[in-house]
Structure formats: structure tokens, C-alpha cells
Amino acid sequence: VVPLLPDRFFAGIEEQYTGPRFTDAGMRLGGFAVTNLTVLARNRQRTVEASFGIDNLMNKKYADPVSRDLFPLDSVRQEGRTLRAKVTYAF
């Protein structure tokens, strides 16, 4: 996290890595890295905060293995780039 404006505006970047895995059927899923970016702003009294984030910034295509309960699937493709926003008020 990096303060862009002291105590008021911040930016953060997160990198998540998952190594190769195997499905129950023995299929190998390759490893992948996902980058997330978040910016946060708050007022001087810290009563209002607003944040905006982009998950999977580079729109990486990847899948996760699933249990045998979801047969005939052995992996599920995950979402690509996702936007999120949040506003909080403390009183």
C-alpha cells in the first residue's frame, strides 16, 4: 500500500500466485498469477471511506479443480477481470 495523499488517499497492489495442481481425474492445471489493484480515499475525520478495486487486473484465464461431486466437470473456469466499489460510513 502506498499513500498518494498523506492519510487521505492510498493505492495498493496485490499479486497472488497459485502453483500447478491436478484434478481428481489426473488432469494437470498450470500455475497462474493474478494481480489485484485497490484505491482508497477517506475524509479527514475518517468517517467516510470509499474504495474501488479491480480484481484480476490482467484478465488472466485460469481454472480451479473441483470435487467429484460436480461430475462430469473436473475444473471450473474462474471469472476474468472484476470491478468492485465500496463506501462505508462510521458514526
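So, a strand here is a DSSP run of E with at least two residues, and helices (H or I) need at least four, all numbered from the N terminus. Two strands pair if DSSP finds at least two bridges between them.

Quick word on what we're looking at: this is a predicted model, where local features need pLDDT of at least 70, side-chain atom pairs count only at pLDDT 80 or more, and totals for chains, interfaces and linings use all residues. Residues are numbered from 1 along each chain as its sequence is written, and side-chain values use heavy atoms, with hydrogens and water left out.

Strand 1, residues 2-5, pairs with strand 2, residues 9-18, in the antiparallel sense over three bridges. V2 has A11 of strand 2 as its bridge partner.

What sits between those strands? Three residues, and among them D7 takes a positive phi near 65°. That's a positive value in a residue other than glycine. D7 is also partly exposed, at 37% relative accessibility; partly exposed means between buried (under 20% relative accessible area) and exposed (over 50%), using a 1.4 Å probe and protein chains only.

R46 is another one to look at: its phi is positive, about 60°, although it isn't a glycine. You'll find R46 in the loop between strand 5 and strand 6 (48-55), and R46 is partly exposed too, at 44%.

Back to strand 2, which also pairs with strand 5, residues 32-42, in the antiparallel sense over 10 bridges. There, F10 stands opposite L40 of strand 5.

Last stop, L5. This residue belongs to strand 1 and is partly exposed, with a relative accessible area of 46%.
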